[in-house]
Amino acid sequence: MRILSVLGFLILAPFLGGLLDGIDRKISARMQRRVGPPLLQPFYDLKKLFSKQTIAVNNVQLLLNLSYLVFLMISGALLFAGTDILMCLFILSTADMFLILAASSDSSPYANMGASRELIQMMAYEPLTLLVAVGFYLTTGSFQVSEIIRQPLSALLFMPGMLLGFVFSATIKFRKSPFDLSTSHHAHQEMVKGLTTEMSGFNLAIMNIAEYYEIVLILGIFCLFIINRNPVSWIFAVAFCLFLYFIEILVDNACSRVKWSTMLWSCWTVTLLTGGINLFVLLLIQ
């Protein structure tokens, strides 16, 4: 079953992530009273990118982009294999560092600005990410995903504050407004692409596929808050993830970008109030 779960993630995650991206574009268009692109537009974009000539700024950028993709695949494989969630989150952070290095490897001021903002975003959400892993350990007594999903009760009952904080942080991970500081999918921002300014062709296609893996990986972590030994909980987990993704789309279309300083202190405030208080309560009830 673990092998099937890992293979399922590695093979299906980019297709599921691309489909969610298509749904995102369609819902965003409807919210703006537009028809929007076809549902499969992300896959049409990938096909076009793979057919284009790749103009690389330097030889190392492709290697760094591929490393970003590979580490995301490893992180997701560990999660869906039911192994250590702490190791999964550490590898996820390592993948983000390769993305920052890829953007920093050229001399474009926009790419370098995007890389520096991405680093600030990591400083904002990483504390809560680690608190979530610790929360799962205090709730279930294990960092193993296979043990977390076999508990009699959902972790959500013991970690509501950490869930709220992780939803807040997911807005940064999904690169949604108001926290799409390092790169944006909307043309109304003062810096549209940022990280991917100098990426084209095969390079940009790899970046997009990596984002699809990351979407599925983050939603998989959300599922851990809901899933327990009851098989019906899997259905509720999927429905819950779809609801949260819709909320992220709604926030993305309803908010404008904030300054990096606002993002940083607001994320740390939410981490302290939701994750910190929740952690304190978990320590008291042990």
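Predicted model: local features only at pLDDT ≥ 70, side-chain atom pairs only at ≥ 80, totals over all residues.

Q: Okay, what is the phi of Arg175 near?
A: Phi of Arg175 is near 60 degrees, a positive value in a residue other than glycine. For context, most residues other than glycine have a negative phi.

Q: And is Arg175 buried or exposed?
A: Arg175 counts as buried, because its relative accessibility is 5% and the cut-off for buried is under 20%.

Q: Which other non-glycine residue has a positive phi of about 60 degrees?
A: Arg33 does. You'll find Arg33 in the loop between helix 1 (2-31) and helix 2 (41-51).

Q: Buried or exposed, that Arg33?
A: Exposed: the relative accessible area of Arg33 is 82%, and the exposed class starts over 50%.

Q: Switching to peptide bonds, which one is cis?
A: The bond from Ser177 to Pro178 is cis, with omega near 10 degrees. Pro178 lies in the loop between helix 7 (160-173) and helix 8 (201-224). In general, most peptide bonds are trans.

Q: Now the surface. Which residues make the nonpolar patch?
A: Leu153, Leu157, Phe158, Leu272, Leu273, Ile277, Phe280, Val281, Leu284 and Ile285 make a nonpolar surface patch of about 1,000 Å².

Q: Where does Phe158 sit?
A: Phe158 is in the loop between helix 6 (145-148) and helix 7. With 33% relative accessibility, Phe158 counts as partly exposed.

Note on methods:
Residues numbered from 1 in each chain as written. Heavy atoms only, no water. Helix = DSSP H or I, 4+ residues; strand = E, 2+ residues; numbered from the N terminus. Buried < 20%, exposed > 50% of the residue type's maximum accessible area, 1.4 Å probe, protein only. Patch = residues over 30% accessible without salt bridge, like charges linked within 9 Å, V, L, I, M, F, W, Y side chains within 5 Å. Areas by Shrake-Rupley, 256 points an atom, 1.4 Å probe, with all protein chains shown as cover. Salt bridge = Lys/Arg side-chain N within 4 Å of Asp/Glu carboxyl O.
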